[in-house]
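Welcome! Take a moment to turn the model around on your screen, and then let us walk through it together.

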Amino acid sequence: MRLKVLLPFQVFADEDGVSRIVAESLGGSFGLLPHRLDCVAALVPGILIYETPAHGEVCLAVDEGILVKTGANVLVSVRRALRGAGLAQLREAVAQQFLQEDAQARSLRSAMAAVESGFLRRFARFENA
């Protein structure tokens, strides 16, 4: 199989000769082998594992996204992904990077809410004048 992991602005991984893939969906973990029927699955944040003859078993931490298998091609489109040497390293990297980005997103939403409320107050004053 050929696996492509796509991020919003880049191709994160492009591997040929993948013998198996394990991913996590809303219904739990599932595996893909080369002759499985075509499918689509919504992915939840978790670990995506694939195996190739060249690299052996590779673990990726992925954010929510979608997996599409058509023939021998598997496309995984996610918001964020990290590669690690082992599950312990991935867990630590996810805790550092994903949680930090989530905190930044909350801070940005808070700032945008303040800007919007200020705009609405000024607009109400302008309308009353």
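Leaving aside residues up to four places away in sequence, Cys-59 touches Ile-47, Leu-48, Ile-49, Leu-82, Arg-83, Gly-84, Leu-87 and Leu-90. Please keep in mind that this is a predicted model. Cys-59 lies in strand β7. Is Cys-59 buried or exposed? Cys-59 counts as buried, because its relative accessibility is 10% and the cut-off for buried is under 20%. Gly-86 is 27 residues away from Cys-59 in sequence, yet their C-alpha atoms are 6.9 Å apart in space.

**The overall picture**

Now step back to the whole chain. Read from the N terminus, the order of elements is β-β-β-β-β-β-β-β-β-β-α. The helix, α1, covers residues 87-128.

Along the principal axes, the C-alpha atoms fill a box of roughly 70 × 30 × 25 Å. Of the 129 residues, 30% are buried. The exposed surface comes to about 8,400 Å², with carbon and sulfur atoms supplying 59% of it. Among contacts with a separation of 6 or more, 46% are between residues 24 or more positions apart. As for charge, the mean positions of the 14 positive and 14 negative charges are 6 Å apart.

**The nonpolar cores**

In soluble globular proteins, nonpolar side chains tend to be buried together. Which residues touch the most other members of the largest nonpolar core here? They are Leu-3, Ile-21, Leu-48, Leu-67 and Val-76, out of 24 residues in that core. Several strands each supply at least two residues of this core, including β1 (2-7), β2 (10-16), β3 (20-25) and β9 (73-78). There is also a second, separate core of five residues, which includes Ile-49, Ala-61, Leu-82 and Leu-90.

Not counting residues up to four places away in sequence, Leu-67 touches Ala-23, Phe-30, Leu-32, Cys-39, Val-40, Ala-41, Leu-43, Val-74, Leu-75 and Val-76.

Arg-79 sits in the loop between β9 and β10 (81-84). Its contacts, again without residues up to four places away in sequence, are Leu-7, Pro-8, Asp-63 and Glu-64. Arg-79 is partly exposed, because its relative accessible area is 48% and exposed means over 50%.

Two further residues belong to helix α1: Arg-91 and Gln-97. Arg-91 is exposed, with a relative accessible area of 67%, whereas Gln-97 is partly exposed at 33%.

| Pair | Separation in sequence | C-alpha to C-alpha distance |
|---|---|---|
| Arg-91 and Glu-51 | 40 residues | 20 Å |
| Arg-79 and Gly-28 | 51 residues | 20 Å |
| Gln-97 and Leu-108 | eleven residues | 16 Å |

To finish, return to Cys-59 on your screen. From this buried residue, you can find Leu-48 and Leu-90 among its contacts. Leu-48 is one of the residues that touch the most other members of the largest core, while Leu-90 belongs to the second, separate core.

Methods:
Residues are numbered from 1 along each chain as its sequence is written. This is a predicted model: local features need pLDDT of at least 70, side-chain atom pairs count only at pLDDT 80 or more; totals for chains, interfaces and linings use all residues. Side-chain values use heavy atoms; hydrogens and water are left out. A nonpolar core is a set of buried Ala, Val, Leu, Ile, Met, Phe, Trp, Tyr and Cys residues joined through side-chain atoms within 4.5 Å. Buried means under 20% relative accessible area, exposed over 50%, partly exposed in between (1.4 Å probe, protein chains only). Helices (H or I, at least four residues) and strands (E, at least two) are DSSP runs, numbered from the N terminus. Contact means heavy atoms within 4.5 Å. Accessible areas come from the Shrake-Rupley method with a 1.4 Å probe; for residues, only the protein chains shown count as cover. Lys and Arg count as positive and Asp and Glu as negative; His and the chain ends are not counted. The place of a charge is taken as NZ of Lys, CZ of Arg, CG of Asp or CD of Glu.
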